[in-house]
Amino acid sequence: MKEATLRVFRGDSKGGQTVDYRVPIAPGMVVLDALHYIQGHLAPDLAVRWNCKAGKCGSCSAEVNGRPRLTCKTRMDDLPVDQPIIVLPMKSFPRIKDLVTDVSWNYRVNRKIPAFEPRPGVEWKISQLDVDRVQEFRKCIECFLCQNVCHVLRGTEVCPEEIRITDNAIIPLKERVVDEFYDPLTMLFRKFRGDKVQSL
Ligand code: FES
């Protein structure tokens with residue numbers, strides 16, 4: 001049977017090193033299967049986070065050959081097996097153990113975002129365009145792969161749900177901030193009216 005070498009990070013927040021494991025490759029196998037083989041046969045203490053194995057829970061994120069990916073969606077036959085396949089934890093988050101990182105910062109930030117509340121006495125109408133625009137981001141599976149790259153260049157490329165993060169989220173948000181807080185005419189008008197600057 002064909003085999004591959006997986007070069008997997010072993011360690012924790014204090015440090016560590018990569019360790020090579022030989023894994024037999026079965027048809028249809030993904031990197032997460034190979035990691036499970038290592039857990040089952042070679043290193044039972046290997047820490048790997050996963051849940052659905054279907055690209056939906058976002059928990060199996062790692063760097064495979066230098067690219068942020070879901071290990072459950074990365075097929076072994078798409079990778080060159082004549083050289084070690086390097087599997088590392090995501091770099092942008094603190095390491096807990098082996099491939100498991102601490103992504104709790106995202107949930108803390110999420111809790112700080114206030115829920116939308118319509119101003120009293122104002123009739124709010126939501127157009128279909130706005131509904132469609134929000135719908136795209138509801139596909140997010142919280143794998144946080146986009147935070148493991150420079151989002152201005154490649155946020156979109158690594159997203160398993162193909163959300164156009166840069167074009168449809170980051171740039172419009174930045175434009176909104178600039179319009180609201182740094183547009184000279186708006187600033188002048190606000191000063192003239194004595195308005196206080198409110199956070200978004
Ligand atoms: S295990 Fe759920 S996305 Fe990979």
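Aromatic rings of Phe, Tyr and Trp count as a pair if their centres lie within 6.5 Å. In this predicted model, Phe93, Tyr107 and Phe144 form one aromatic cluster. A search of the whole structure finds three aromatic pairs. Tyr107 and Phe144 make up one of them, with 5.9 Å between the ring centres and 80° between the planes. That geometry is edge-to-face. Tyr107 belongs to helix H2 (residues 104-112), while Phe144 sits in the loop between helix H3 (128-137) and helix H4 (151-158). The pair therefore ties together parts that are 37 residues apart in sequence. Tyr107 is partly exposed, at 36% relative accessible area. Phe144 is buried, at 11%.

Phe116 and Trp124 also pair. Their ring centres are 5.3 Å apart and their planes stand at 90°, so this pair is edge-to-face. Phe116 is exposed, with a relative accessible area of 60%. Trp124 is partly exposed, with a relative accessibility of 43%.

Helix H1 spans residues 31-42, twelve residues in total. The distance from its first C-alpha to its last is 15 Å, close to the 16 Å expected at 1.5 Å a residue. Val31, Leu32, Ala34, Leu35 and Ile38 are buried in H1. These residues cover an arc of only 160° around the axis, so they lie on the same side of H1. Gly40 and His41 are exposed, on the face of H1 turned away from its buried side.

Methods. Residues are numbered from 1 along each chain as its sequence is written. This is a predicted model: local features need pLDDT of at least 70, side-chain atom pairs count only at pLDDT 80 or more; totals for chains, interfaces and linings use all residues. Side-chain values use heavy atoms; hydrogens and water are left out. Rings of Phe, Tyr and Trp (its six-membered ring) pair if their centres lie within 6.5 Å; planes under 30 degrees apart count as stacked, over 60 as edge-to-face and the rest as tilted. Helices (H or I, at least four residues) and strands (E, at least two) are DSSP runs, numbered from the N terminus. Buried means under 20% relative accessible area, exposed over 50%, partly exposed in between (1.4 Å probe, protein chains only). The expected span of a helix is 1.5 Å times one less than its number of residues. The arc is that of the directions from the helix axis to the C-beta atoms.
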